[in-house]
Amino acid sequence: AFMDRFGSSKLRIGWALACLFVTGLVLMAVRGEQGEGGSQILLFGTVIPLGADSLRSYAVGNLQGVMYWVVSLVVLLGAFGPVSQWTAAAARGERFKGFFAGTGLGFAHGLFLSQVALIPVWALSWRLMGEAWPPELLRADLHGLLLGLQMLLWAVLLSRLLKSSAGLALLLTLALRELGPRLSFFLDFGQDLGWSAGQVKVLEVFVRLLPMAQLPSDPFSPLALPLSIGGPLVLGALAMLLPAGGRK
C-alpha cells in the first residue's frame, strides 16, 4: 500500500515491459566490431565507422554519462512528489515519519525503476563490447544511485523551505547539481587565488554536501558518503522542525 503512493503496480509493469521492448530492439539492431581498419558499429545494418578509436573506450565513455544521468534522475523524479507531500503534513511527528520512511521507500522505488531502465544499457554494452557488466559502468550505476538519493534529500529539504512551490524546489536542486562541479575549481586553485587553507577546507566540506553533475573519477573517500548523504539527511531532519503553513 505504501509503495502505491509512488505509482501503481500497473505503472511498474508497464515500465518493465517498455524497457524490455527497448532491450529487444537493442539486441536485434546494434552490434560492435573491432577490426584491423578500426572500430565500427552496425546499426540496423548501417555501418558507422569510428576510425582507429577503441570501441571499448568509446562505448564506456558514452555509456557512463548516460547511466549516471538516467539513474539519478529516475530516483529523484520517481520519489520526489509523494515524499514532498508526506513532509508537508501539519503534525511534526507525521513530517518526520514522512521524511525518513518516505525517503527510504522512495529510494527503493527509484532503485527498482532505475535498474529496470538500465536493462537496455546493459544489453547495449554486451552488443558493443561483449561485456554485460563492465566495472566502469557498475561504478557509474552506483554513483548514480547515490546522486539520486542525495538530490532527493535536497529536493525535500528545499520543498520545506519553499512551501508554496515544489516545482521551484526541484529546479533549485537541479541547479545545485550544476553548481558543485563549478565550485570544484576553487578547491584546486583557491590557494593560488589568495585563499587560506582553512577557507579551502570549508569550501571542500560545502562542495561535498552538494550533488555533482559530473561523474566522479576518484574512488570513494572516507568523508564522501557521510557528508554527501548524511549532511542533507541532517539538514532535512532539521527542516522538518519548521512549522507547517500558517492558518488562513
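Buried means under 20% relative accessible area, exposed means over 50%, and partly exposed is in between, with a 1.4 Å probe and protein chains only. Hold on to that one. Phe-99 sits at 0% relative accessibility, so Phe-99 counts as buried.

Some ground rules. This is a predicted model, where local features need pLDDT of at least 70, side-chain atom pairs count only at pLDDT 80 or more, and totals for chains, interfaces and linings use all residues. Residues are numbered from 1 along each chain as its sequence is written, and side-chain values use heavy atoms, with hydrogens and water left out.

Overview next. The chain has 8 helices and 3 strands. Helices here are DSSP runs of H or I with at least four residues, strands are runs of E with at least two, and both are numbered from the N terminus. In sequence order the pattern reads α-β-β-β-α-α-α-α-α-α-α. The C-alpha trace spans about 70 × 55 × 30 Å along its principal axes. Of the 248 residues, 41% count as buried.

Rings of Phe, Tyr and Trp, using the six-membered ring of Trp, pair if their centres lie within 6.5 Å. Planes under 30 degrees apart are stacked, over 60 edge-to-face, and the rest tilted. By this rule there are 3 aromatic pairs. Take Phe-96 and Phe-100: their ring centres are 6.5 Å apart and their planes are at 10°, so this pair is stacked. Both residues lie in helix α3, residues 92-117. They are 4 residues apart, about one turn of the helix. In general, an α-helix has 3.6 residues a turn, so residues three or four places apart point the same way.

How accessible are these two? Phe-96 is partly exposed at 23% relative accessibility. Phe-100 is partly exposed too, at 42%. Then there is Phe-99 with Phe-100: centres 5.0 Å apart, planes at 70°, so that pair is edge-to-face. Phe-96, Phe-99 and Phe-100 form one aromatic cluster.

Stay in α3 for one more residue. Ala-101 is in that helix. Its relative accessible area is 36%, so Ala-101 is partly exposed. Ala-101 and Trp-86 are 15 residues apart along the chain, with C-alpha atoms separated by 9.4 Å.

On to helix packing. Two packed helices are described by the angle between their axes and the distance between the axes. Axes are lines fitted to C-alpha atoms, for helices over the stretch in contact, and angles run from 0 to 180 degrees between N-to-C directions. Under 35 degrees is roughly parallel, over 145 roughly antiparallel, 65 to 115 roughly perpendicular, and the rest oblique.

First case: α2, residues 55-86, and α5, residues 135-161. Their axes come within 7 Å and cross at roughly 30°. That makes α2 roughly parallel to α5. The crossing of α2 past α5 is right-handed. For handedness, a crossing is left-handed if the near helix is turned anticlockwise from the far one by less than a right angle, and right-handed if clockwise. What is in the contact of α2 with α5? Its residues divide into 21 nonpolar, 7 polar and 4 charged. Nonpolar is Ala, Val, Leu, Ile, Met, Phe, Trp, Tyr, Cys and Pro; charged is Asp, Glu, Lys and Arg; the others, Gly among them, are polar.

Second case: α6, residues 166-189, and α7, residues 197-209. Their axes come within 10 Å and cross at roughly 160°. That makes α6 roughly antiparallel to α7. This crossing is left-handed.

Two residues in α6. Ala-169 is found there. Ala-169 is buried, at 0% relative accessible area. Its C-alpha is 35 Å from that of Ser-125, 44 residues apart along the chain. Glu-178 is also in α6. Glu-178 is partly exposed at 29%.

The charged end of Arg-177 sits over the ring of Trp-69, 3.9 Å from its centre. The rule is NZ of Lys or CZ of Arg within 6 Å of the ring centre and within 35 degrees of the ring normal.

Last stop, α4, residues 119-129. Which residues of α4 are buried? Pro-120, Val-121, Trp-122, Ala-123, Ser-125, Leu-128 and Met-129. Just after α4, Gly-130 takes a positive phi of about 80°.
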